Protein chains: 4
Amino acid sequence: MLIITKNKLNLEELKQIRKFLSDKNVDVIPVENDMRHLFVVTGRCGELTRNEIRKHSLVSSIVEVGKPYKLSAKSSLSQKTKIKLGNSLTIGNKKIIIMAGPCSVESKNQILSTAQEIKKVGANILRGGAYKPRTAPYDFQGLGKIGLHFLKSAADEFGLPVITEVLDVRDIEIVAKYADIFQVGTRNMQNYPLLRELGRQRKPVLLKRGMWATYKEFLLAAEYILVGGNSQVILCERGIRTHVPETRFTLDLNIVAYLKHETHLPVFVDPSHGTGRSSMVRVMSRAAVAAGADGLLIEAHLDPGRSISDSDQAISIPELNKLISEVKLIAQAVNRH
Amino acid sequence: MLIITKNKLNLEELKQIRKFLSDKNVDVIPVENDMRHLFVVTGRCGELTRNEIRKHSLVSSIVEVGKPYKLSAKSSLSQKTKIKLGNSLTIGNKKIIIMAGPCSVESKNQILSTAQEIKKVGANILRGGAYKPRTAPYDFQGLGKIGLHFLKSAADEFGLPVITEVLDVRDIEIVAKYADIFQVGTRNMQNYPLLRELGRQRKPVLLKRGMWATYKEFLLAAEYILVGGNSQVILCERGIRTHVPETRFTLDLNIVAYLKHETHLPVFVDPSHGTGRSSMVRVMSRAAVAAGADGLLIEAHLDPGRSISDSDQAISIPELNKLISEVKLIAQAVNRH
Amino acid sequence: MLIITKNKLNLEELKQIRKFLSDKNVDVIPVENDMRHLFVVTGRCGELTRNEIRKHSLVSSIVEVGKPYKLSAKSSLSQKTKIKLGNSLTIGNKKIIIMAGPCSVESKNQILSTAQEIKKVGANILRGGAYKPRTAPYDFQGLGKIGLHFLKSAADEFGLPVITEVLDVRDIEIVAKYADIFQVGTRNMQNYPLLRELGRQRKPVLLKRGMWATYKEFLLAAEYILVGGNSQVILCERGIRTHVPETRFTLDLNIVAYLKHETHLPVFVDPSHGTGRSSMVRVMSRAAVAAGADGLLIEAHLDPGRSISDSDQAISIPELNKLISEVKLIAQAVNRH
Amino acid sequence: MLIITKNKLNLEELKQIRKFLSDKNVDVIPVENDMRHLFVVTGRCGELTRNEIRKHSLVSSIVEVGKPYKLSAKSSLSQKTKIKLGNSLTIGNKKIIIMAGPCSVESKNQILSTAQEIKKVGANILRGGAYKPRTAPYDFQGLGKIGLHFLKSAADEFGLPVITEVLDVRDIEIVAKYADIFQVGTRNMQNYPLLRELGRQRKPVLLKRGMWATYKEFLLAAEYILVGGNSQVILCERGIRTHVPETRFTLDLNIVAYLKHETHLPVFVDPSHGTGRSSMVRVMSRAAVAAGADGLLIEAHLDPGRSISDSDQAISIPELNKLISEVKLIAQAVNRH
């Protein structure tokens with residue numbers, strides 16, 4: 001059970017409510033966000049007490065937490081979450097959304113040409129990394145702020161929203177200036193300070209599944225953002241670590257079917273990381289949409305062989321074009337477009 | 001490099017060719033099947049020697065084994081393997097083939113009614129287990145021979161071919177009498193005596209992937225059947241063991257895309273075991289066909305809640321009906337039917 | 001609940017007892033072995049009925065199956081299983097038993113010299129494969145019967161018992177003539193016909209864990225042998241498939257600690273397969289014994305670099321010597337020897 | 001190849017050296033830390049050019065990066081890393097170091113009594129979490145700063161150094177005031193901003209392996225800290241995610257043997273998380289030390305059943321006492337103490 005206060009409490013109010021609960025033998029753990037306080041009830045709490053709590057002047061509502069994830073559960077909302085970007089684009093509707101672009105922003109010209117090309121073939125959102133999480137400290141770490149600038153300018157030129165990764169709580173402010181959607185990478189799925197800060201933002205967050213995560217852990221990570229008051233979360237399957245050596249990761253499409261039953265949040269798939277092989281991206285994009293995905297996150301590059309990072313999995317623009325056509329046919333077959 | 005003889009050699013011929021190779025310093029390991037001898041060259045063998053071997057009166061041909069799997073590799077055959085069943089059914093063509101039926105044959109009436117129902121909704125082949133591999137010795141192990149009889153009678157009544165599992169080399173003869181396709185279960189993917197014996201059969205074999213197997217190991221298991229001269233092998237993905245607790249197995253559709261590039265053999269998917277949840281079977285069937293599967297193996301039951309084995313994953317006949325309709329739409333979207 | 005008959009029933013008796021149970025509304029599944037019939041009760045069975053069953057003239061006893069594995073559970077036996085080999089060797093006592101030898105028997109001289117050398121450094125049992133399960137049909141499959149003969153002769157010369165793998169139910173008879181312990185490989189952990197036949201033998205069986213198996217599945221596989229009446233089962237951890245690429249398998253020593261709590265059966269560890277790297281075998285042998293292992297299965301070769309199979313993981317005789325010395329020190333530290 | 005500068009370069013110097021390299025057609029990616037610049041050479045660089053670079057006035061040295069991890073590789077240092085804590089304690093010497101304490105600091109009295117008890121039974125360092133990474137936002141998140149204060153006071157009282165987890169780059173300063181060793185949890189193994197900041201600290205860091213990480217990825221994560229100039233890194237195995245449901249994680253002791261060959265850094269093991277079962281902690285501690293671990297990280301609690309978090313895996317003080325005695329015997333058996 002969660003007790004949710006009307007506002008953030010001042011010290012006096014905090015003392016008051018804690019005494020109130022203590023007198024009723026209700027054990028709680030306080031959690032706060034920038035809007036309000038929450039009290040997680042850890043022990044028992046009978047029906048009568050529950051009514052008294054509900055009526056307390058500082059309390060907004062109480063919520064039964066049957067499942068460990070509450071806000072992301074389907075039951076918590078009467079309809080699917082829809083995320084509007086600008087006037088014409090909505091994530092979580094019948095339309096399959098394609099986010100495409102290079103792994104890294106490499107130069108102003110590269111990202112400008114890419115934006116033009118992906119727009120031409122029908123992609124909806126421009127992706128590109130300015131801050132890159134790299135396994136080795138000696139690998140290219142992204143262009144940083146100037147990369148953000150190149151990315152946003154290119155996107156604006158062609159009227160595309162932008163998604164880009166944020167790695168560091170200290171970068172949120174700057175990334176927020178340039179990005180329309182924050183991306184949280186697989187390695188940060190359980191970076192709780194980052195998730196909490198993104199919960200305070202009022203911009204959409206695409207949260208990638210940790211390559212080790214169970215379905216429950218994934219939903220609980222989303223919960224960290226939702227509990228902060230940011231309801232615009234997009235879940236993204238991107239492959240898990242398994243014993244299979246022939247692919248970079250094992251794309252787990254079971255989770256798409258599962259999440260569509262379990263949560264109201266939009267579900268995306270990243271077949272580029274999920275296979276690690278450019279030759280498999282198109283086919284697995286079709287499979288993802290057939291499994292119910294609301295959109296795709298695709299690494300596409302003007303010249304995949306020359307990509308600074310992840311060149312094995314980037315596809316070319318003509319291949320992206322083909323992918324989008326094929327995905328449209330699948331979308332229609334599952335009553336979407 | 002493989003040296004393939006024209007016929008099975010008698011002792012005299014065997015001595016003769018081994019002396020011939022020994023004189024040329026060619027180290028070999030002999031492998032034999034029921035049709036011929038093969039010699040696997042383990043060391044070096046120069047071009048000149050190669051030519052002399054090729055011309056030897058007992059030798060049919062020599063084959064370069066570039067990939068560890070040779071006969072299953074796409075390069076070994078000019079076209080995709082097609083497997084004919086009766087006059088009207090071909091596996092490996094444009095048509096998506098649906099194999100459906102209960103996990104276990106439970107009674108004469110059950111399997112007869114099932115055959116009727118699955119035929120009505122458009123399934124193509126009747127599945128049902130008479131010999132069951134069960135994790136515990138105390139679990140129901142199948143009806144055995146009488147189960148085979150029930151299964152075949154039911155299938156004949158409605159003009160359906162039959163697929164059923166064979167567990168034991170000593171059962172091959174009896175199963176062959178009743179089955180149109182042998183099924184090899186996941187636990188037996190590397191049961192080499194069983195694979196070798198099935199290589200001597202001239203009936204199709206559906207080989208399920210070991211839940212631990214890499215893609216290469218899967219193809220090498222198929223190779224054990226092919227090397228015996230039985231070219232009618234169907235590969236079937238059925239889920240792998242991963243850390244995910246929410247599903248029984250993780251269905252690995254990446255392998256479908258991979259195998260369609262790598263081998264000429266037909267590729268099937270079993271979404272019943274691959275998810276272990278009846279509510280996910282239909283959606284994952286769509287995804288499997290979108291990923292390129294040539295057919296599906298589905299557990300369907302007249303009354304899923306009462307299935308003796310695997311009741312969590314069996315779907316009802318109306319759900320199978322819906323599944324087949326949806327799969328047809330996906331099939332059309334990928335230019336199949 | 002299990003109902004165990006006094007003897008194997010004839011058809012008349014079988015009908016009689018089934019009618020008896022049916023009249024009492026007790027649903028059962030019959031399982032038979034070569035000694036007797038078992039009836040697995042699948043539904044409810046009240047206390048009164050239970051008493052009536054117990055008194056039935058054909059019934060020997062009834063057993064409550066609380067855990068899915070019954071005979072391998074610690075509670076089923078008042079003491080640890082001890083397996084005597086000849087007059088002086090007992091597996092399951094305080095002494096750590098070392099089984100060592102080559103992956104494959106390669107020649108008469110090789111195995112003879114190996115037997116001499118491993119005896120000299122203090123190993124207790126000679127291992128060596130005559131029938132080899134190989135991933136590819138083109139790999140060396142073992143010397144077969146002549147290999148068994150070489151192995152047994154070499155072992156006899158130095159007074160060592162022999163352990164060797166059996167792959168095929170049809171080879172059990174021949175292997176039984178030469179081996180003191182049957183080895184079941186990882187790929188055959190759920191080869192139920194093989195396990196059942198070994199349950200009819202009266203010789204020890206070393207059962208390797210399937211590389212995909214849970215702890216429960218491993219114990220249930222042992223149960224297949226025990227239920228047949230063969231109580232001499234040795235469990236052997238040999239590494240599982242994980243995402244780690246740096247070792248061939250991940251040796252799971254947690255299972256040793258677990259099994260020592262859970263079962264009365266002796267537990268061995270194979271650090272050769274469990275690491276796949278000869279440089280790690282000695283260290284992991286120490287860890288295995290510290291974790292409670294009753295013995296080790298080690299691949300040792302006169303000239304590891306020239307081993308026909310698995311040459312990366314075989315250790316030399318001097319390294320085996322060192323391993324045995326170090327393991328003795330650990331054994332003393334855990335009050336064994 | 002890495003080019004390391006003598007100091008951190010100003011803009012002018014940076015331009016100068018980039019022009020110098022550019023003129024010689026040497027492609028580089030610059031990486032900087034607080035002390036200096038590094039240039040990672042991404043293309044070819046001949047011997048002559050290499051000499052010219054070496055002589056450049058701004059260059060300190062060039063380093064060949066054969067392995068992807070350089071500073072953590074054994075070859076980079078002539079001896080093992082030893083980490084001194086106060087006057088009497090050294091990590092990385094012959095002595096096995098025991099870090100013990102509760103998962104979370106719960107109250108002043110709890111941690112004070114714990115410190116006293118673990119000191120009495122011979123533990124060397126006090127562990128305890130003040131900032132807790134919890135899977136669900138509704139779980140207890142630690143006492144925060146006041147917890148740090150309780151922890152440090154308790155440790156000081158009994159002359160014990162303190163290890164505690166840091167989750168957030170913004171907490172490093174405050175944690176540094178109270179902790180003798182920073183702990184980085186499994187979820188943060190690839191939290192690069194955190195690793196980089198800890199690289200700027202001059203205090204030891206115990207880095208836990210990501211539950212998904214390969215051995216190479218683990219060493220590369222350590223490299224992020226080392227490259228910043230903080231050479232006091234302790235590696236800690238704590239179990240990986242596998243298919244096994246009977247334990248919380250699979251403790252991978254293979255990595256201990258591997259790391260002792262591969263790196264000069266001390267290697268610890270956390271058998272509490274690595275098993276998730278208090279009944280297995282003692283046995284696996286023995287195995288870890290037999291495998292070569294330099295120390296152990298143990299969850300111990302005055303009253304394990306009442307622990308706020310992770311109560312299934314915490315052991316009692318008497319059990320810790322027994323563990324330390326048994327580990328000493330193993331230590332002696334491997335020539336340590």
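This is a predicted model: local features need pLDDT of at least 70, side-chain atom pairs count only at pLDDT 80 or more; totals for chains, interfaces and linings use all residues.

Biologist: In which segment of chain D is D:Asn335 found?

Modeller: D:Asn335 lies in the segment that comes after α11 of chain D, the helix of residues 317-333. The backbone there deserves attention: phi of D:Asn335 is near 65°, which is a positive value in a residue that is not glycine. With a relative accessible area of 55%, D:Asn335 is above the 50% cut-off and therefore counts as exposed. In chain A, the segment after α11 (317-333) holds A:Asn335. Phi of A:Asn335 is near 65°, again positive in a residue other than glycine. The relative accessible area of A:Asn335 is 55%, and this residue is therefore exposed.

On chain B, the side that touches chain A draws two or more residues from each of α7 (215-226), α8 (254-262), α9 (271-275), α10 (278-290) and α11 (317-333). Of these elements, α10(B) contributes the most, with seven residues. The class composition of that side of chain B is 22 nonpolar, eleven polar and seven charged residues.

The extent of this interface can be stated in two ways. In terms of residues, 40 of chain B are in contact with 40 of chain A. In terms of area, the two chains bury about 2,800 Å² between them, with 67% of it on carbon and sulfur atoms. On the chain B side, the residues that lose the most area to chain A are B:His243, B:Glu246 and B:Asn254, which together account for 21% of what that side buries.

The symmetry follows. Chain B is superposed on chain A by a rotation of 180° with 0.0 Å of shift along the axis, at an RMSD of 0.1 Å. This is the relation of a two-fold axis. In chain B, the C-alpha nearest that axis belongs to B:Ala287, at 2.2 Å from it. Because 100% of the interface residues of chain B are also interface residues in chain A, the copies meet through the same surface.

A further pair involves chain B. A rotation of 180° with 0.1 Å of shift along its axis superposes chain C on chain B, with an RMSD of 0.1 Å. Here the C-alpha in chain C that is nearest the axis is that of C:Trp212, 2.8 Å away from it. The same surface serves both copies in this pair, since 100% of the contact residues of chain C recur in chain B.

One other site in chain B may be noted. B:Lys55 is placed in helix α2 (residues 47-55) of chain B. Its relative accessible area is 69%, and B:Lys55 is therefore exposed. Between B:Lys55 and B:Asp27 the separation is 28 residues in sequence and 18 Å in space, taken from C-alpha to C-alpha.

Conventions: Residues are numbered from 1 along each chain as its sequence is written. Chains are lettered from A and ligands numbered from 1 in the order in which they are written. Side-chain values use heavy atoms; hydrogens and water are left out. Contact means heavy atoms within 4.5 Å. Buried area is the accessible area (1.4 Å probe) that two parts lose on being put together, summed over both. Helices (H or I, at least four residues) and strands (E, at least two) are DSSP runs, numbered from the N terminus. Ala, Val, Leu, Ile, Met, Phe, Trp, Tyr, Cys and Pro count as nonpolar, Asp, Glu, Lys and Arg as charged, and the others, Gly among them, as polar. Buried means under 20% relative accessible area, exposed over 50%, partly exposed in between (1.4 Å probe, protein chains only). Copies are superposed by least squares on the C-alpha atoms of residues with pLDDT of at least 70 in both.
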